[in-house]
Amino acid sequence: MRAEIVSVGDELLKGQRVNTNAAFMAEALGGIGVPVGRVIACSDREEEIIAVLSESLERADIVLVTGGLGPTRDDRTKQAVQRMLGRGLELSQEAFANLAERLKQSGVELLDALRDQAMVIEGSHVIENTKGTAAGMIIECGEQFQNHHLVLMPGVPSEMIAMMELTVLSWFAALSDTVIRHTPIKTLGIGESMLAGMIVDIEDTLPEGTTLAYLPHAAGVTLMISTIGHVQEEVERDNRSVVDAIVNSTGKFIYATSEVSLEATIGAMLATRGLTVAVAESCTGGLVASRLTDVPGSSAWFLQGFVVYSNQAKEKSLGVPGELIDRYGAVSEEVARAMAIGCLEKSGADFALSTTGIAGPSGGSPEKPVGTLCLAMATKHSGILLSRTLVMQGDRERNKLRFSEAVLRELWECLRQR
């Protein structure tokens, strides 16, 4: 059983919205053994919707559609499907009762345009909308399309997610005889090309039904190992054998083989050891502290953060000597070390991290170009543990993310070796 995803809306084609719906649906379908063959975005024009859906239904067992079910004139999906299948509309009493109750609780009058939200295509299985007004539909499309299924859902992410989780996934899980296993391998401190060179022999001998994808991003590279088959034990075995082989070859660069963030990995390591951390940030502007405190339970190991953007703040809040800044410049390992020591003393943490640099787009020089980062780490018992100067390429947002990743990577490396 294979699926295709069609996202309807001119706003997607104009770049006004990011298609997060497709990513969620593809991942969710993989969890029930239904691989996605294509993701397509199309305009709100009925003729184009009909053309795209007709092509997808010829190829795929399930076509999931989001968007175009609202009450306004640019919502044309339902009308397009009517024309394509030659079916009429009927009022879903269940959807109408749900709609009326939601509007009553909100104090909104039930206008005809809103009443139309409970009209569904004849022969549909209605999907309750627990987050909005438009009813969803699962439609068996008949011999015209080899009895393939069409799923219509609103484009509002919260409404689509609720429909997928409450109805759609269980509906099609019962029809699927396939098992899919995805395992991410998250790496640090290694580029895509070098990583590929280290595992070329593994790639050449992948088990049947297993694929390997490289997912580079601003902070590093994630490998996704995917295995598809019909017997769960065999799928799990083949997937695990590839993951284990890659870990054995590249283990020093891997921080996780699950959907866990670097900051969550670090948090677990700190919590297990009963250690704490504090941060002093200039160029990252609080991003390191934000990432660490995004982890639930971080109050057990994250003590304090200082955002000391100006030279005056570095001196006043952390005790960085003014003459040090004058002599070496604010972006220097000397200042980064002083920031880390000041953070350590002020916070009482076991580890203190510091960042000072030039995120851009201006402020660089031939000696210290845009993308320069000076970082340092100090520990309660050893004082300064390390300091580094790195130069990265990117715009301001990308540089800040990479700066934060670099200093967290140093902490991870330190904890891994303890």
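How many disulfides does a search of the whole structure find? The search finds 0 disulfides, where a disulfide is a pair of cysteine sulfur atoms within 2.5 Å. Before going on, keep in mind that this is a predicted model, where local features need pLDDT of at least 70, side-chain atom pairs count only at pLDDT 80 or more, and totals for chains, interfaces and linings use all residues. Residues are numbered from 1 along each chain as its sequence is written, and side-chain values use heavy atoms, with hydrogens and water left out.

**The nonpolar cores**

A nonpolar core is a set of buried Ala, Val, Leu, Ile, Met, Phe, Trp, Tyr and Cys residues joined through side-chain atoms within 4.5 Å. The largest one here has 33 residues, and V277 and F351 have the most contacts inside it. Among the elements that each supply at least two of its residues are β12 (254-256), β13 (277-281) and α16 (396-417); helices (H or I, at least four residues) and strands (E, at least two) are DSSP runs, numbered from the N terminus. The top contributor to this core is α16, with 8 residues. Why does this core lie between domain 2 and domain 3? Domain 2 (179-256) and domain 3 (262-417) both give residues to it, so it sits between them; the domain bounds come from an automatic or database domain assignment. There's also a second, separate core of 32 residues, which includes V8, V63, V65 and A135.

**A cavity**

A cavity is a set of points, on a 1 Å grid over the protein atoms alone, where a 1.4 Å probe fits but cannot get out, and its lining residues have an atom within 4 Å of a point. The whole-structure search turns up 1 cavity of 30 Å³ or more, and the largest cavity has a volume of about 60 Å³. Its lining includes E94, N98, I127 and A135. The largest share of that lining, 3 residues, comes from α5.

Technical notes. Buried < 20%, exposed > 50% of the residue type's maximum accessible area, 1.4 Å probe, protein only. 1 Å grid on protein atoms, 1.4 Å probe; cavity = no way out; pocket = protein on both sides within 12 Å on 5 of 7 lines; lining within 4 Å. Points joined across faces, edges and corners; volume = space filled by probe spheres on them.
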